[in-house]
Amino acid sequence: MRMINFAKRNFKELIRDPLSLIFEIALPIFLLFIFQQIKIPEDLYKLENFTPGIIIFGFSFITLFTSTLVAKDRGSSLLIRLGTSPMKSSDYILGYILSLIPIIIIQDSLFFIVACLLGLNVSINIIFTILISIVVSILFIAFGILVGSLVSEKASGGVGSVIVQLACFTSGMYFSMDLIGKGFAKVCELLPFESALIIIKGVLNSNYDIISTRNIIVFISYTIIILISSVIVFKNKMISDNK
Amino acid sequence: MIAIEIKKLTKNFKDKIAVNGIDLSIKQGELFALLGTNGAGKTTTIKMLSGLILPTFGSIVIENMDMKKDMLKIKEILNVSPQDTAIAPNLTVKENLEFMAGVYQINNKDKKIDELIKQFKLDEVLNKRAKTLSGGWQRKVSIAISLINDPKILFLDEPTLGLDVIARKELWKIIEGLKGKITIILTTHYMEEAENLSDRIGIMVKGNLVEVGTSKELIKKTKTKNFEDAFISIATGGKL
């Protein structure tokens, strides 16, 4: 299978970049640990609420490093070589997505090990959360492919950082959206990060009532639109980059 | 037997004509050098022949297969060594060979990889990451990778650009070893490279293929002393 072969290569490229491991795994774990030491008297910072936030934070770095990998591939002659091979567009996109799934599983597992050591209840919900977070991660990976297809390697870092910030400030992981104002809360509702966080939070805490129909519609719509856009833009860029 | 048959091959980018109605036949096992000044249309021609971009007009037949109808089948039998080194930087040399063997779904991949390691004397760098290699080694690995699928057609785009004399001579030796077995289309800015390696040379000027022949034929035709002068005469229309 060409896509598996491409995924293996992408996985090796990603895990051999120490910066990617620091930001995707070490930094979120550090934040999880530090915020539990501070003991902020807010429900948001309780382990059962903050761990899902850390998962979303870790995913935002997946977007950043996926965009860098895609932009780097586009900038090098490797994609020219692959473009003359029998690989199809679906092999590229699925190859990028599949390469990140093991990283997502490693990331989630380590986050939960640390969270459990800090006092999170060990339950079967953790397994369900890891499984649902794999689905949620597709949105973040697709964002990465889209950004990496649109901008250069240098710019991908900057644009990726914007997504990291957006995920932090519009997901509700650090503060309630209503604190800033109703207008801001409305904008957050229209962006996918809050919905993604609520879905993960609901599954971890077996509290499915907090997941509204709006959350599901917003999340699924963004995932489908961004995924389709990333396929179209990547394909078109591969042709236009070669002109 | 004809390996590549091009008829009226044209590529327009908006209102600019990059390649203007080229007709050309290349025989099986021939090493054909494509020369031209910067912007002459060489790389665009190679990109169309290797299926990277589609022609605006004209036809390409490779090993009796039409590029428009049999693109995927054609891609199985050709390979490219692009101008810049096209290897995965964080993968070792062996992993790069394995990766490309996977791309072409090579059945006996271990045997093929061992063959290439011997042919290109890659033992000493086999477990080194590609990004840590010198430019000469990277180019060597890049060409080795392009032979992973035993291509019938091989495109070498400026294979020795930026290499020192020794690395260049080493690559010439490798390319000479491939002559006759594979149909090779080589683009280069080095006149001595084209003269020494190729069976025939085509010269492109402003998107047109203006002359095709052996180096001796082109020297004779332009009444010049050497091939470099012949090229300059053709490329400038005798103005220089």
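1. Strand β8 covers residues 183–187 of chain B, and its pairing with β7(B) is parallel, over 5 bridges. Strands pair here if DSSP finds at least two bridges between them; strands (E, at least two residues) and helices (H or I, at least four) are DSSP runs numbered from the N terminus. Between β7(B) and β8(B) the chain passes through helix α6 (residues 165–178) of chain B, in a right-handed β-α-β crossover. Right-handed means that, with the strands pointing away from the viewer, the path from the first strand over the helix to the second runs clockwise.

2. Residues are numbered from 1 along each chain as its sequence is written, with chains lettered from A and ligands numbered from 1 in the order in which they are written. As this is a predicted model, local features need pLDDT of at least 70 and side-chain atom pairs count only at pLDDT 80 or more, while totals for chains, interfaces and linings use all residues.

3. On confidence, chain B has a mean pLDDT of 91, and 100% of its residues reach 70 or more; pLDDT is the predictor's confidence in each residue, from 0 to 100. For the complex the predictor gives an ipTM of 0.84 and a pTM of 0.86.

4. Strand β7 (residues 153–157) of chain B has 5 of its 5 residues buried, so it is largely enclosed by the rest of the structure. Buried means that 20 or more other C-beta atoms lie within 10 Å of the residue's own; exposed means 12 or fewer, and partly exposed lies in between, with C-beta atoms placed from the backbone. From β7(B), I153(B), F155(B) and D157(B) point one way, and L154(B) and L156(B) the other.

5. Strand β6 (residues 78–81) of chain B runs parallel to β7(B), joined to it by 4 bridges. V80(B) stands opposite F155(B), and N79(B) has L154(B) as its bridge partner. L78(B) and V80(B) point one way from β6(B), N79(B) and S81(B) the other way, and all are buried.

6. Chain B also has an open sheet of 4 strands in the order β2-β1-β4-β5, with antiparallel pairing. Its edge strands, β2 (16–27) and β5 (65–66), each pair on one side only. Strands β1 (residues 2–13) and β4 (residues 57–62) of chain B share 5 bridges, and K7(B) stands opposite S59(B) in β4(B).

7. Helix α9 (residues 227–235) of chain B has F227(B), A230(B), F231(B), S233(B), I234(B) and A235(B) as its buried residues. Among the elements of chain B that cover them are β3 (31–36), β9 (200–205) and α8 (215–222). After α9(B) comes G237(B), with a positive phi near 70°.

8. At the interface, 21 residues of chain A are in contact with 26 residues of chain B, a contact being two C-beta atoms, placed from the backbone, within 7 Å. Helices α1 (2–15) and α4 (78–83) of chain A each supply at least two residues of the side that touches chain B.

9. The largest nonpolar core has 130 residues, and I56(A), I62(A), A196(A), I200(A) and I185(B) have the most contacts inside it. Such a core is a set of buried Ala, Val, Leu, Ile, Met, Phe, Trp, Tyr and Cys residues joined through C-beta atoms within 7 Å. Helix α3 (residues 47–75) of chain A gives the largest share, 13 residues.
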